[in-house]
Amino acid sequence: MQIPGVRTDRLGLLIDQFDRAVEMARVRLTGLGDEEYLWEPAPGGWSIRRRGEATTPRAFGPGEWVLDQGAPEIPANEYDEVARQAAAGMSVAKIAEDWSVSVERVEQILRHTGPPEPDEVPVPTIAWRLGHLHFCFAGQWEWTFGERRQDPKLLVDFTPSAASALERFWALMDRWRDSVAALTDAQLDTVGLSQYPYGSDADEPFISVLWGSNLEFIHHMAEIALLRDLWRSR
């Protein structure tokens, strides 16, 4: 039975899910100020910082402000994803390249003999989570719908202004949504439609990439919502 206004095709379901997630996120981010945007809820967390003040070894960005990035490692919550990639036929060398870790580290994880994760995990700021989403979606757009030549890590000029960051981010989300909505069924099934260089996009049909990008948006926005709640009750 067809319900008016409800899409049941696979692209329609994913677009509707994305639209709803964006709508909820816009409401939750209303009124975000600079102090809250940059608030560090725990010491040693990740954020955006002036280039000369970066504390992480692989912080990146094209301008004065850079996004924290630590030493290469695969978080424990991603071990199942590594196993899934291996089961799908991805080579250990390719998995290691995607995660920027050694082949030996991937083999440890696949044998379930890797060292335990450290007790202290960095707690990112709202600025970091928003910047992370921005760079990921900007890179995926460039390497799916754009010229496929610019390094994703150089696409976003990170800013300490919450208002500027959100204005640029929502403009990107609109562009991403419009481009995705125009895809054909054949394109959704195309392996390598996205050639995004950081991850397994090039080895997956785009419908799978799209599902993953929705999940990335939803889980980071949920964490941002929690940070906003903690800010109010700090």
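**Pocket and cavity linings**

Tutor: H9 supplies the largest share of the lining of the second largest pocket, 6 residues. The model is predicted, with local features needing pLDDT of at least 70 and side-chain atom pairs counting only at pLDDT 80 or more, while totals for chains, interfaces and linings use all residues. Residues are numbered from 1 along each chain as its sequence is written, and side-chain values use heavy atoms, leaving out hydrogens and water.

That pocket has a volume of about 170 Å³. Its lining consists of Ala21, Met24, Ala25, Arg28, Leu29, Phe217, Ile218, Met221, Ala222, Ile224 and Ala225. The elements giving two or more residues to this lining are helix H1 (10-28) and helix H9 (206-232). By class the lining holds 10 nonpolar residues, no polar and 1 charged.

On a 1 Å grid over the protein atoms alone, a pocket is an open set of points with protein on both sides within 12 Å along at least five of seven lines; a cavity is a set where a 1.4 Å probe fits but cannot get out; lining residues have an atom within 4 Å of a point. Points are joined across faces, edges and corners, and a volume is the space filled by probe spheres set on them. Helices are DSSP runs (H or I, at least four residues), numbered from the N terminus. Ala, Val, Leu, Ile, Met, Phe, Trp, Tyr, Cys and Pro count as nonpolar, Asp, Glu, Lys and Arg as charged, and the others, Gly among them, as polar.

The whole structure has 2 cavities of 30 Å³ or more. The second largest cavity, of about 40 Å³, is lined by Leu14, Ile15, Phe18, Trp176, Arg177, Val180, Leu210 and Asn214. H1, H7 and H9 each give at least two residues to this lining, which has 6 nonpolar, 1 polar and 1 charged residues.

The largest cavity holds about 90 Å³ of space. Residues lining the largest cavity include Tyr37, Ile48, Leu130, His134, Phe158, Ala165 and Arg168. Helix H6 (126-142) and helix H7 (162-181) are the elements that give two or more residues to that lining, and H6 gives the most, 4 residues. The lining divides into 7 nonpolar, 3 polar and 2 charged.

H6 and H7 also pack at an angle of about 35°, with their axes 10 Å apart. Axes are lines fitted to C-alpha atoms, for helices over the stretch in contact, and angles run from 0 to 180 degrees between N-to-C directions.
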